[in-house]
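Biologist: I'd like to learn how to read a model like this one. Could you walk me through it, giving the general idea and then the case at hand?

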There are 4 protein chains.
Amino acid sequence: MADLQAELDRIDAEIRAAEDWGEVAAYIPELARVPKRQFAIAVATADGALCAAGEAGQSFSLQSVTKVFALAIALGRSGDQLWARVGREPSGSAFNSIIQLEHEGGRPRNPFINAGAIVVTDEILAGREPRHALSEIVQFVRAAAGDEDIHINRAVAQSETRHGHRNFSLAHFLASCENLKNPPEKTLGTYFHQCAIEMTARQLALAGRFLIGPPAGPRLISTQRIRRLNALMLTCGHYDGSGDFAYRVGIPAKSGVGGGILGIVPGVASVAVWSPGLNRYGNSKLGTEALERLARAMDWSVF
Amino acid sequence: MADLQAELDRIDAEIRAAEDWGEVAAYIPELARVPKRQFAIAVATADGALCAAGEAGQSFSLQSVTKVFALAIALGRSGDQLWARVGREPSGSAFNSIIQLEHEGGRPRNPFINAGAIVVTDEILAGREPRHALSEIVQFVRAAAGDEDIHINRAVAQSETRHGHRNFSLAHFLASCENLKNPPEKTLGTYFHQCAIEMTARQLALAGRFLIGPPAGPRLISTQRIRRLNALMLTCGHYDGSGDFAYRVGIPAKSGVGGGILGIVPGVASVAVWSPGLNRYGNSKLGTEALERLARAMDWSVF
Amino acid sequence: MADLQAELDRIDAEIRAAEDWGEVAAYIPELARVPKRQFAIAVATADGALCAAGEAGQSFSLQSVTKVFALAIALGRSGDQLWARVGREPSGSAFNSIIQLEHEGGRPRNPFINAGAIVVTDEILAGREPRHALSEIVQFVRAAAGDEDIHINRAVAQSETRHGHRNFSLAHFLASCENLKNPPEKTLGTYFHQCAIEMTARQLALAGRFLIGPPAGPRLISTQRIRRLNALMLTCGHYDGSGDFAYRVGIPAKSGVGGGILGIVPGVASVAVWSPGLNRYGNSKLGTEALERLARAMDWSVF
Amino acid sequence: MADLQAELDRIDAEIRAAEDWGEVAAYIPELARVPKRQFAIAVATADGALCAAGEAGQSFSLQSVTKVFALAIALGRSGDQLWARVGREPSGSAFNSIIQLEHEGGRPRNPFINAGAIVVTDEILAGREPRHALSEIVQFVRAAAGDEDIHINRAVAQSETRHGHRNFSLAHFLASCENLKNPPEKTLGTYFHQCAIEMTARQLALAGRFLIGPPAGPRLISTQRIRRLNALMLTCGHYDGSGDFAYRVGIPAKSGVGGGILGIVPGVASVAVWSPGLNRYGNSKLGTEALERLARAMDWSVF
């Protein structure tokens, strides 16, 4: 893996020379104060290696990257019944759009836009107390990463609860369409805490290994389910920038507004990048660029 | 390839036992009269083999499958300048929707919905007479298939011209937004004739080989462009059923209202299926099912 | 006014012969249990007469009819500054649609759709405790009706609070666009109680007199403001059924989901009708029909 | 009528002092070259007087003002059956929007947006040759004005045919929904020529008298139909600026992109204003202002 490490170092050096680091998410005060000139990249390979460069030991807020773990859990709990409540199609709209919801009677287009992810968390919650659902989610992530030192940042969760009017709007809309099984406040409380899980790039690359699939990779879920999660990440993982990401980078990936992206090279590796400045779609600007460079250099593409 | 041939025969037998063959496209009289209980499957592998089953020697109307060839030609002529006129994102809407066009000032979401494909054909036309552009398109397809016996069905083209009000609506809308370089009638005349190209499943599988990419496959276009075309097919190739197709089948593919689908297994094979009955998204019902069975049996998935 | 009384009696008799009484609003349990075979009509004329027929002494929930009084109060408090927060155009959408809100950055189209009415109540609330704002609203209505015996039905208000997910969705959306000055819960608490004001048809006809305008009518507000409120009622008073109502009935009017409608014949009379069964736009089915009959019989039309 | 004439002179003087005359419609070359610093106002009263000020003898292109006459003719030919093809609701969208059409299966919201007006003209055409339908329309207008010297400007019609891609898009969309009885080219040919009727403000005020209604006014159509046309003008006559116009001016009126507006004061007068510069809704900027001043000065309001 000497080549891979050299490549990560090279990308880290190039990225740091960037002039435009994008803009940090401003809608939550706790995220808005993260310094934007930070970058990390980490790769966990199917054969067990781990390489990293940049601030790969610095924790960041996973935010929407957690939607991948939550979806894996919800599918494990409910199987294909989940799809009665949420679709599997790219939305063609912004991550927090409510228009599609009204047009389609309260069934979100896919589990990676906010409305769909709220439904997924609601499915996991299933009448329990939020702390039980959160415990299940955190345990899953820790098991995937093989690391017990992964936690929820409660200050971030509370900051989102106070400023998350758009998500409250989505949740109440779902409730008005009878597509929420728990009270909106409980589902959102769980959702905001789930989004506030923190990890380092190193931990995230390790946690992503369960999606590498055959011939290697740990077996938390079946091969068929791995492929389906990867398909959803490729078609829906970057909101209304998913097509462009597939075109430029060519691997399944899920971004978060905290600046992290988890990418999967099927059969080969799990990649985590992090840089808190975002592009206009709400995806990490330099993280996307780093993934594009890495994929090209390693000839990693599913296509 | 004994295994592959046996697999195709098995799929052919299973598909023929289907009760529901979908519904043939009704909006063009020439397509509406095609008998729907027909099925063909053909695979051209990277190492030069060709296997087929069913009515693989029966010609059918390619329709939107031609959008893949047209896009390859337009990118060859204009390069990335094409993307100023058309996007690369899944649309989240029906293949013939005009709503997105008005919301986004006349720039179609991607080259595989009708509005986007009209722009692509308009780019190829480039001020020439339609027959010159059509000649270029047919030559490209023939070269890809290695078969001079591929033609346009003029009766189908004329039938579409007479009944294609929705496409005329899209083209005039594009013109009103100054996103059409040629008169709408000329661009549409070219577009309808392009869509009326006919092939057999065998010819289509051969014609698709140029998208197989490394390590094998003929080199009509660069590896990077192959990957990008495949990325677009995966995210946008089945209109508002693209996400579901990626989830269920897991390979890049482009469908046509004539019942054909071209699927690509990168590095491995080009697959053509055909069955004229459509599902509710306008994609071949049994063709999709056959591709899903084949992909699972051969363990073909990009994920 | 003998003629008018005879006319009301005749309409009352005709309406009671109806077979289809529409459907009572089902989304709030407290409204759903109102028996639908009830009808009342009352007219207060500019010259001081009051005529009525049917169950004109039966109280009903005003619901959206209160939006007229709230708008008059908000314009009195804030003047034209209110229009920075809400538009004056028919919406072309359902009363509880959220789509327009996302398309237009959180500024509701008009003060009579739910989102717009929430903004109006928020403007009246103005940082005060809900009970102070509610007291102002109830006092205004009592003064207009000349009747201190008008109250809020708290059971209805609480029922709406528990089942009003769609309004919570709208309010949080407004908050996310920074078009709410008070916490969503406070504004909605005020709004739900305002909507739960109860009156009889007789009281409502009297309360509507302040909108009759010159040459007669009490002078709670200026002639110019009366005309503007009437203009808004005519263009926006029946949601996406406003055009049809203007076409068929031809007078300014505002409906409520409790089955009441307040209509104004400028310079002549204030009319209240009530029948709890609704048509597909959410307006009283037989109330609308009664107004149409009355307007035709009395030759009352603004056109 | 000395007061009225004095009022018109005063308004003419005030309007001419305006700094911002709006912008002339640019999408048709023939309209784009009209000098914008022109203004006319004319009033025909129920008792037979005619007063005017400004360039009231200057001809201008009626454009969408003709939709009022066409609707009167179509209702005379087809009665309420027309409403199966077109609605009676304000659209909440721009005059040339196609979005509503796709959402609602090709039935335009009302007869005064472009799509609806194309349906109305199509109803008048009814399988005839365009010149016969046009002859009927021109005869109706001449009879209403009592003036044989009213004509179609063929250069304007041809200019629109060449540049009217948006209208072609609407017409083909209607055809694709089977809501066009004649070939799109024929219906549009008729429509463009209808819109190209020219009049002076004086002629237009006279032509509008048939909508004044009781107690006076000529009787081309029934009182009920007059009221209904006025209701439609009030709710839909200014596209997505109709609510604002009703709020500010308070009388039924229909505007045209040529800068003309026909306003009706029921029972009292017909008013024509003209100034070619438009506001952002596509309605005459100073024409609207002149109508607002006149209505206030004369205390003319339906409310």
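Predicted model: local features only at pLDDT ≥ 70, side-chain atom pairs only at ≥ 80, totals over all residues.

Biologist: Okay, which residues is D:His193 in contact with, leaving aside its neighbours within four places in sequence?

Modeller: D:Pro130, D:Leu134, D:Ile152 and D:Ala157. There's also D:His151, which is 42 residues away from D:His193 in sequence and 10.0 Å away in space, C-alpha to C-alpha.

Biologist: Where does D:His193 sit?

Modeller: Elements here are DSSP runs numbered from the N terminus, with helices being H or I of at least four residues and strands being E of at least two. D:His193 falls in helix H9 (residues 184-195) of chain D.

Biologist: And why does D:His193 count as buried?

Modeller: You count C-beta atoms, placed from the backbone: 20 or more others within 10 Å of a residue's own make it buried, 12 or fewer make it exposed, and in between it is partly exposed. D:His193 has 25 C-beta neighbours inside 10 Å, so it counts as buried.

Biologist: How do I read the pairing of S3(D) with strand S2 of chain D?

Modeller: Two strands pair if DSSP finds at least two bridges between them. S2 (residues 40-45) and S3(D) are joined by 5 bridges and run antiparallel. D:Val43 stands opposite D:Cys51. The hairpin has 4 residues between the strands, and there D:Gly48 takes a positive phi near 100°.

Biologist: Now a helix. What does the span of H13 in chain A look like?

Modeller: The expected span is 1.5 Å times one less than the number of residues. H13(A) runs over residues 285-298, 14 residues in total, and reaches 20 Å from its first C-alpha to its last, close to the 20 Å expected. Its buried residues include A:Leu286, A:Ala290, A:Leu291 and A:Leu294. After H13(A) comes A:Asp299, with a positive phi near 60°.

Biologist: Zooming out, how many helices and strands does chain A have?

Modeller: Chain A has 13 helices and 10 strands. For overall size, the radius of gyration is taken over C-alpha atoms, and the globule rule is 2.2 Å times the number of residues to the power 0.38. Chain A comes out at 18 Å, close to the 19 Å the rule gives for 303 residues, so it is as compact as a globular protein of that length. The C-alpha atoms of chain A fill a box of roughly 55 × 40 × 35 Å along the principal axes. Of the 303 residues, 63% count as buried. Among contacts in chain A with a separation of 6 or more, 68% are between residues 24 or more positions apart.

Biologist: What domains does chain A have?

Modeller: Domain bounds come from an automatic or database domain assignment. For chain A that gives domain 1 (2-26 + 34-63 + 199-219 + 228-298) and domain 2 (65-197). Their C-alpha centres lie 22 Å apart. The contact takes 23 residues from domain 1 and 27 residues from domain 2 of chain A. H11(A) provides the largest share of the domain 1 side, 5 residues.

Biologist: And between chains, how many residues of chain A and chain B take part in the contact?

Modeller: It takes 28 residues from chain A and 28 residues from chain B. On the chain A side, helix H11 (223-236) and helix H12 (242-248) each supply at least two residues, with the largest share, 8 residues, coming from H11(A). For composition, Ala, Val, Leu, Ile, Met, Phe, Trp, Tyr, Cys and Pro count as nonpolar, Asp, Glu, Lys and Arg as charged, and the others, Gly among them, as polar. The chain A side divides into 11 nonpolar, 10 polar and 7 charged.

Biologist: How many residues of chain C and chain D are in contact?

Modeller: 28 residues of chain C are in contact with 28 residues of chain D. Chain B and chain C, though, do not touch, and their nearest C-alpha atoms are 10 Å apart. No contact joins chain A and chain D either, with their closest C-alpha atoms 10 Å apart.

Methods: Residues numbered from 1 in each chain as written. Chains lettered and ligands numbered in written order. Contact = placed C-beta atoms within 7 Å.
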